[in-house]
Amino acid sequence: MIIKQISIFLENVAGRLAEVTKLLAKHEINLRAMTIADTADFGILRIVVDQPDKALKVLRDGGFTAKTTEVLAVEVEDRPGGLAKVMEIFQQNHVNIEYLYVSLEKNKDKAVVIFKVEDLKLGQKIVEEHGLGGKVSL
Amino acid sequence: MTEYPFREKELELIPKDQLEELQLSRLKTTLSRALKTDFYRQRLIPLGIDSPEAIHSLADLQSIPFTTKEDLRIAFPYGLLAVPLEETVRLHASSGTTGTPTVIYHTKRDIAAWSDLVARSLMAAGCTKRDVFQNMMTYGLFTGGLGLHYGAEELGMLVIPAGPGNTLRQFKLMKDFKTTVVHATPSYMLHMYDKLGEAEVNRADLHIRKAIVGGEPHSEDIRRKIEELWGIEVYNCYGLSEMNGPGVAFECIERSGPHLWEDSYIVEIIDPHTLEPLPPGETGELVLTTLRREATPLIRYRTRDLSSILPDPCPCGRTHRRISRIKGRTDDMLIINGVNVFPSQIEEVLMRMKEVGNNYQIVVEKSGALDKLTVKTEVTPEIFSDDARDLNAIREKIRENLKASISISPVVELHEPGILPAWEGKAKRVIDIREKSV
């Protein structure tokens, strides 16, 4: 399924990430997944939270440069070859992946992986066709 | 067709060869006056320049050394006085809060010539004797107030010598006397507009139609902003106390760069590093020679202002060439790996790019034996992308645009808004730490 991810431009200074987590905690926003893309002088923090609209407002009001991006949340079986199976499906159907990271969410024996794909509609279609994202609730 | 007003039409439209003839004859007069001063005698006679006959053409001016602000300090108080003290009627001086002050003396004829020049300027800007002129510049040792005051009177305008500040009183004067033209700094024009509401003044009750702005460098964007806010025409006025004050260069109704009055000054643009002359169009230090001043003649005075001579003629037909808006001070110039870089060039590039926020910082440091230039810019919410490739592409575009302008390739950094010093105010936007890191 398609979910909202929040991306935050992070100055490469000590304590900046802590300021983000502190701000989210203060507003009782629960983090469900996060990853940082790092370059020499800045980072892009990507997070998935339980209340994305509120989180975006809180972050912007707090002086952060942030925006939302739509990504795919995909169920992956938590066993050897689980991710390989999804990747194979994506490859066969020409779903190009820009990046992916794993969320804390767990449905029984399945993990939830966040995919940023080049063509969101195509990705969503493939996910639905293969029954990969039906039960995800982030 | 546009009707251009002229006060001294023949002189303002003088053919170039006749202008040069006039300049040469006046330059000789300036030189003979200069040779009456202690300062120039000591400097020029050892070089074999002991009479105006040492100059045969305008090109010979190049053989005379520059005069600097420091020279004016050395010559303080009477070293550059070319007439007996009883012939002088006024002086203007720098405040001298940071060291020895500098002083410029004027004879009665100097004041008259200066007033004429300002009257000519005001008329070129479309002012007439029917205008009511509210002068909001500082009167006193500073030349801005008195310079325009005398010129406006000479033109026959009704002058209100309001002086600066006290915005409520300014509005009252403007309403009571139906002020049509004001003279102020650009920042004061913006400040006054902000205060209209607070002062409960309705713009429609004011008769202001033009503003003469000067006294501080400002961008074309600021001019447009003042014009749009007030619904008036804004004219750029250039001058410095060493060259009398306001009225050295003034915009005509085309408002496309001030005409430098070449019957009164010889203008040169030099590379402030090599001191070599630069051709029209290239930015460098403005160097001026007085051609009419009796009491304090100055030859090849280095203004420390950065400008360029605009190569194209103005549609108004004046042969007196236009200079560009002042782009900064030579004091601000950075020499990076042997290349002259002005922070204003960097600012221009950044302000032109919609991808970049208003704030920036320039850092120069040593990297091994070489200088390293870093330009820090802001990632605004509008341009922020989740994709690092997009951000890197923006950074690369900024770098390329900067390189095209300043001929060296800077390191461009992207930062969060709020981290860099604010665009307005006295924030330090240039940090040169080369000495420390050697």
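Visitor: What is the strand order of the open sheet of four strands in chain B, and what kind of pairing does the sheet have?
Guide: The order is S18-S17-S16-S19 of chain B, and the pairing is mixed. The model is a predicted one, in which local features need pLDDT of at least 70, side-chain atom pairs count only at pLDDT 80 or more, and totals for chains, interfaces and linings use all residues. Residues are numbered from 1 along each chain as its sequence is written, while chains are lettered from A and ligands numbered from 1 in the order in which they are written. Strands (E, at least two residues) and helices (H or I, at least four residues) are DSSP runs, numbered from the N terminus.

Visitor: What makes S18 and S19 of chain B edge strands?
Guide: Strand S18 (411–415) and strand S19 (430–432) of chain B each pair on one side only. From one strand to the next, the twist averages 20 degrees.

Visitor: How do you know that S17 and S18 of chain B pair?
Guide: Pairing requires that DSSP find at least two bridges between two strands. Strand S17 (residues 370–378) of chain B has five bridges to S18(B), in the parallel sense, so the two strands count as a pair. Within them, B:Thr377 stands opposite B:Leu414 of S18(B).

Visitor: Which helices lie on this sheet?
Guide: Helix H10 (residues 343–352) of chain B lies across strand S16 (360–367), S17 and S19 of chain B, at about 130 degrees to S16(B). Helix H11 (residues 388–406) of chain B packs on the sheet and touches S17 and S18 of chain B, with its direction at about 135 degrees to that of S18(B). Such angles run from 0 to 180 degrees between N-to-C directions, and axes are lines fitted to C-alpha atoms, for helices over the stretch in contact.

Visitor: Which residues make the contact between H10(B) and H11(B)?
Guide: H10(B) contributes B:Gln345, B:Ile346 and B:Val349, and H11(B) contributes B:Asn401, B:Leu402, B:Ser405 and B:Ile406. Residues are in contact if their C-beta atoms, placed from the backbone, lie within 7 Å.

Visitor: How does this contact of H10(B) with H11(B) divide by class?
Guide: There are four nonpolar, three polar and no charged residues. Ala, Val, Leu, Ile, Met, Phe, Trp, Tyr, Cys and Pro count as nonpolar, Asp, Glu, Lys and Arg as charged, and the others, Gly among them, as polar.

Visitor: What are the domains of chain B, and how far apart do their C-alpha centres lie?
Guide: Chain B is divided into domain 1 (1–330) and domain 2 (334–437), bounds that come from an automatic or database domain assignment. Their C-alpha centres lie 33 Å apart. Five residues of domain 1 of chain B are in contact with five residues of domain 2 of chain B.

Visitor: What are the domains of chain A?
Guide: They are domain 1 (2–69) and domain 2 (71–129), with C-alpha centres 22 Å apart. Eight residues of domain 1 of chain A and twelve residues of domain 2 of chain A form the contact.

Visitor: How many residues does each chain give to the contact between chain A and chain B?
Guide: Chain A gives twelve residues and chain B gives twelve residues. On the chain A side, strand S1 (2–11), strand S3 (42–49) and strand S4 (65–77) of chain A each supply two or more.

Terms used. Contact = placed C-beta atoms within 7 Å.
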